[in-house]
Amino acid sequence: MRIVEASLHLVRLPLVHAFQTSSHRKNHLDHILVRLVEESGAEGWGEIASPSDPYYCPETTETCWHIAERYLLPAVVGADWEHPAELSRLWSKVRGNRFAIAGVDAAGWALWSGVRGVPLAKALGGTRSEVVAGVSLGIEPGYDALLAQVQRQVDAGYPRVKLKIAPGWDTEPVRLVRESFPDLAVHVDANGAYGETDEELAVLRGLDDYGLLMIEQPFAPRNLVAHAALQRSVRTPVCLDESIDTVDDLRTALELGAGRVLNIKVSRMGGLTPAVAAHDLAGEHGVDVWCGGMHEFGIGRAANVALSSLPGFTLPSDVSASAKYYARDVIQPEVVADHGIVTVPDGPGLGFAVDTAFIHQNLLKETVIPARQVR
Ligand code: OSB
Ligand code: MG
């Protein structure tokens, strides 16, 4: 397969409900859509879902644009390849920058599976026809607003709710949600906001009393030792998100016993190829996995749904319906969840049509890299 043209499209969509984590608050998101075109004219789309600011990961929308435009697309355009897993050799000299890489990798997978006429999920090794979605709720202005949000998601049928926590917004919101929803699967995500003071450790250990599904990323990304120590002192599984950028990070975490659950994000790990490898390695070690999200638009969301169909994704994934985030999505049909169940598409490639007219309506900028510019 030979790619003859590649383009980047920076698209802004408003969020239907503002989202606040331990570090920042967002009303709209800017994601970069990647389009790869093959000799036959077939297209594959991927999404670079980097946050705008370097608070979740070191990348930003602008660094992703730069890396994709200057290094990744020029490496891909004109290259010959047989399978998307081979694409990584084209950018093997690029360190880090995994969000940027993830969008190009996913576009390659979407293109390849589309041309082969197989669903992306099947191409990845997926076995499920349906995946279970949970929702992720941000830090709300108050407890009543949080309880109302949880109630909304429970009414929509979602079987699992994840609550963002931060020092000062932890025990009390968790206690209140538990009191009102005693049987709901609840998990918390701190995005690395806790340190190792006695007070902070006491709060985290105290969360063990609420029957949580997991405590996600309490400490800073590189602090695997603190995660391992916490996991030794609580029954609740500790889950790693920001700590695991590569399969090698996962090997280290497994060796240290730094968690019993892994959040696999396509964006954070640099694409579907490493995400599948992480799934396989976690499975060999008996670590449960689920697919996390970055509030993806439909293109990235569709890739997440496909990945979540692999057999090791035994916990609900953050692949909730497009409508939880966006009034209108960049794909048709949009991703829907029925009582928290998302059907894995069985059509070729991504399994959704990309709405290029809507993309153009919401475009901030774009760039096209044709073959002749490269060779
Ligand atoms: O830690 O999982 C996270 C969104 C932005 C940054 C970090 C995270 C999140 C989410 C989004 O929780 C979940 C989703 O896409 O549904
Ligand atoms: Mg997380």
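**The interface between the domains**

Mentor: The side chains of Arg328 and Asp355 form a salt bridge, N to O, at 2.9 Å; a salt bridge is a side-chain nitrogen of Lys or Arg within 4 Å of a carboxyl oxygen of Asp or Glu. This is a predicted model, in which local features need pLDDT of at least 70, side-chain atom pairs count only at pLDDT 80 or more, and totals for chains, interfaces and linings use all residues. Residues are numbered from 1 along each chain as its sequence is written, chains are lettered from A and ligands numbered from 1 in the order in which they are written, and side-chain values use heavy atoms, leaving out hydrogens and water.

Trainee: Into which domains is the protein divided?

Mentor: The bounds come from an automatic or database domain assignment. The protein is divided into domain 1 (3-117 + 355-374) and domain 2 (122-353).

Trainee: What area do domain 1 and domain 2 bury between them?

Mentor: Buried area is the accessible area (1.4 Å probe) that two parts lose on being put together, summed over both. Carbon and sulfur atoms carry 66% of it, and the total for domain 1 and domain 2 is about 3500 Å².

Trainee: Which three residues supply 20% of the area that domain 1 buries against domain 2?

Mentor: The three in question supply more than any other three residues. They are Phe19, Tyr56 and Arg98.

Trainee: How many salt bridges does the rule find across the interface of domain 1 and domain 2?

Mentor: The rule is the one already stated for nitrogen and carboxyl oxygen, within 4 Å. Across the interface of domain 1 and domain 2, the number of salt bridges is 2.
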